[in-house]
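Hi everyone, thanks for making time this morning. Let me put the model up on the screen, and then we'll walk through it together.

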Amino acid sequence: LGLALYAGSLCAVSGATFLYHDYCVIGAGPAGLQVAYFLQQASRDYIVFERSHAPGSFFALYPRHRKLISINKQYTGKSNSEFNLRHDWNSLLSHDRRLLFRHYSRDFFPSADTMVQYLEDFASLLKLRVQYNTAIIHVTLEKNEQAWNGHYFLLTDQDRKNYKCSSLLVAAGMWVPNVVNFPGSEYVEGYETVSINPEDFAGQTVLILGRGNSAFETAENILGVTNFIHMVSRSRVRLSWATHYVGDLRAINNGLLDTYQLKSLDGLLEGDLEDLAIVKDKKGKLHITLRFYLENRNISAGIDSITLPQDELDNFATRAPYDRVIRCLGWKFDFSIYNRSLRMMPGKGNIKKYPQIKPSYESKGTRGLFVLGTASHSVDFRKSAGGFIHGFRYTTRAVHRLLENRHHGVPWPSTVYPITQLTNSIIKRVNEASGLYQMFSVLADIILLRENATAFEYLEEYPIGVLAELEMQTGRKARSGLFVIIMEYGRNFSGADKDVFYYNRAVGEAQHAWQSNFLHPVIYYYKHLPTERKMKLRPPDWPLPRPDAIHHIVEDFLTDWTAPNAHILPLRRFLENCLSTDLRNFFAESCFLFAFTHQKLPPFCQQGYLRMQGLVGSQELRHHAVQAGLLQDYTHTDFSGDRPTDSHDGSQEQLMRDHAIPVRPLQHLVNAKDE
C-alpha cells in the first residue's frame, strides 16, 4: 500500500509545474526567520512557507497565559553586545541593533504578544522572503543525479501549488498536542482549549495531567480560586535550578510546590497515565480509577457498577471526585505531511516526539533535509538549550555554515593568529562568547594548529557531535593538532535528585579546577583529529572522546575568567605544555638578551622583536617594568663615564643612549655561552 501511494504521488506530480528555489524553509517561527536571515545575507535563493498570515503563529496562541519564561535581562553592567546576548534569551541574531528584544519590552519575563510583534518586525525590517497563508501539506522526493543531494524535494500546499527545492529546512516547530488515550479520556480538557479565566474555576476541584511548565503555568493561574489542585505525571518533578536545563520547571511557575509542601490541600502524584481511567457520575463529577478495574465491564452502565480504588483502599489518594481534568502534556512533531520516501522517523525513548536527526541537524533518513529550531532538540534534549530561542539561534547559524561549505564551497569562517595570541584568544572568547555559553557541551570553538605551532586558525561555535567530520564539514584542515573549547557543568552536579545548594558547592582554587561544579570553560587538546570510532566509544556523559590533555578553568562566581593567577596563568602553562613552547610576552631588552644566550627564541620574540615590532620604550613603562622585576635597573650605572645617568632629554635616541646595554657584559655572555 505504501509503495502504491508513493507511486501515485509521483504520477500526480509528474505533470505539474513546479516553482524552484535552492532552499525551501517550512515555518516562519523564530528558527525559520533566523535561517532566512542567514540565507539572505549570503544572497541565496530561498523561500519560507508559513501557514498563518503572520510569523510566529505558535506564540499567538502559546503560552496560553501569555507570559514567557525566557529571560529578558536589561542590564548586565557591560556594553559588550556579544556578552549581553548571554542574558537575552529572546533576540534573534542580526546586524540590526534595533532588533534586540530589550527595545520591545522591559519585563524580565516578557509577554508572548510582544514576541509576536518582534517576529513580525524581524521579518519586515529585514525584508525576508516569507510566503504567508501557505500550508505545506505534502513533501516527497524526486530522484535526480544532477541535484545537490541526488534528489529534489517536491512540496505541495493547500491550494495544490507545487514547489521544488534542492535543500529542505524544516523549522515548523512542535505544535501537535501530546494526547494519552485511556478509558474516560473524552472528559479531559486540553491545554490548548481550556479556559484561562480563573473565575471559571472558582470553588472547583481540578486534576492536571502533566508536570511540565505548561502544567504548572495552568495551576499557577487558578491556584487562588480552586478548592484544591492535584497534579499527576509519570515522572517526579524536575526543577530547572537542579537539572540546569531551562526546559524543566522554572521558579516563576512553581507556586504549587509551596502549597503542596506546606500542606495547603494541593498535591503531586506519580503514576502512569495510561493506567488511569475516568468515570463520570450522574452529578457530572469525575472519579479517578485504574484501567484494570474496568476490564470486562461496561463503563456506560454507570458508576455504581464499577469498582473504584477507594472501595478496597479507603485512603486512596485520589478518592475525592474532580470537577475538571486538564491535559498539559506538551507537544510533538507533525510527521503526517512527509512521504515515506523521506524516511522521517520519530526518535526512540524520551525523544520519540522529535524526528531522528544527526548531530549536524541533518535527517538520518534523507540527505539535504535539515531540522531546525525546537524540533531539533533531540541532539541535546535535557542537556542544553537547543530547543529554545537562545540556543537554536546558534545551531541554526551552524547549519547555515555547514550548507555554505557543502553547496557553495564557502569554508567555515575562521581567523588566523600568531601563536603568541593563543592565550588571549581563548580568554576573550570564554569571557564573552554567547554561543558557547548558551549551547554548553554542544557547540565548541576549534583551534587548528599550523605546522610547528607558529600560528593557529580559530573557528567559532562548531557542533562537537560531528567533530570527526570537521575537515569535510568546514573545508579546514587539522593536520597539526587542535584545541577544543567548550563550556561544561560539573559531572555530578546536575540532576532532579541533586542538592545544588549544599555547603562548599563551589571551587575557588585553580589546582582543584577539575572539580568545578558550575558552568566553566574546558579545553581539550588532541594531537590528531578524533575519528568517528573514538566519538562513538567516548566515556559515558563525556561530550568528547578522551583527549591527549585536558584543562579546566576554575569556575568563577562572576563568570569572569580574567584573574591573572587563578585563570590566565594556569591556562597559559597548560598550552605551553601541550605545544612545548614559551607563550609569555617579553620586553625588547629580554628578547635582545635571549638572542645572545639562547639557540631558539620564544615565539613572541621571533614574531615581534626580530620583525621590528613591539612596544616603544618610555620612562614610565621602564620604571613599571623594573618595579615588577621584569627588567634589570641599569639607570644607576654610568656606562659612558662622562655623563650623569639621570639626564634625559625625552627623545627616543637619547632614551636609548641612556639605557644602552654595554658591549662588554654582552661579550662576556657570548663567550660564556661559546665555552
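Predicted model: local features only at pLDDT ≥ 70, side-chain atom pairs only at ≥ 80, totals over all residues.

Residues are numbered from 1 along each chain as its sequence is written, and side-chain values use heavy atoms, with hydrogens and water left out.

Helices and strands here are DSSP runs numbered from the N terminus (helices are H or I, at least four residues; strands are E, at least two). When I say buried, I mean under 20% relative accessible area, with exposed being over 50% and partly exposed in between, using a 1.4 Å probe and protein chains only.

So, back to helix α15, residues 564–579. Its buried residues include His567, Leu571, Phe574 and Leu575. The buried residues of α15 pack against α11 (422–432), β18, β20, β21 (520–526) and β22 (549–552).

Now to one of those strands, β18. Seven of the seven residues of β18 (residues 443–449) are buried, so this strand is largely enclosed by the rest of the structure. In a regular strand the side chains alternate between the two faces of the sheet. In β18 both faces are covered: Leu443, Asp445, Ile447 and Leu449 are buried on one side, and Ala444, Ile446 and Leu448 on the other.

Who are its partners? Two strands pair if DSSP finds at least two bridges between them. β18 pairs with β19 (residues 455–463) in the antiparallel sense over six bridges, and with β20 (residues 482–488), also antiparallel, over four bridges. Leu448 is a handy landmark: its bridge partner in β19 is Glu457, and in β20 it stands opposite Leu482. β18 and β19 form a hairpin with five residues between them, and Asn452 in that turn has a positive phi of about 65°.

Staying in β20, have a look at Glu488. Is this residue buried or exposed? Glu488 is buried, with a relative accessible area of 1%. Its side chain makes a polar contact with the side chain of Tyr524 at 2.6 Å. (A polar contact is a pair of N or O atoms within 3.5 Å; within protein, one must be able to donate a hydrogen and the other to accept it, and residues adjacent in sequence count only if both atoms are side-chain atoms.)

Next, the cores. A nonpolar core is a set of buried Ala, Val, Leu, Ile, Met, Phe, Trp, Tyr and Cys residues joined through side-chain atoms within 4.5 Å. The largest has 91 residues, and Leu155 and Leu168 have the most contacts inside it. A second, separate core of 28 residues includes Val430, Leu436, Trp561 and Phe574.

The torsion about the S-S bond of Cys591 and Cys605 is about -80°, so the disulfide is left-handed. Cys591 sits in helix α16 (residues 588–597) and Cys605 in helix α17 (residues 603–607), 14 residues apart. Both Cys591 and Cys605 are buried.

Thanks, everyone!

Note on methods
Contact = heavy atoms within 4.5 Å. Disulfide = S-S within 2.5 Å.
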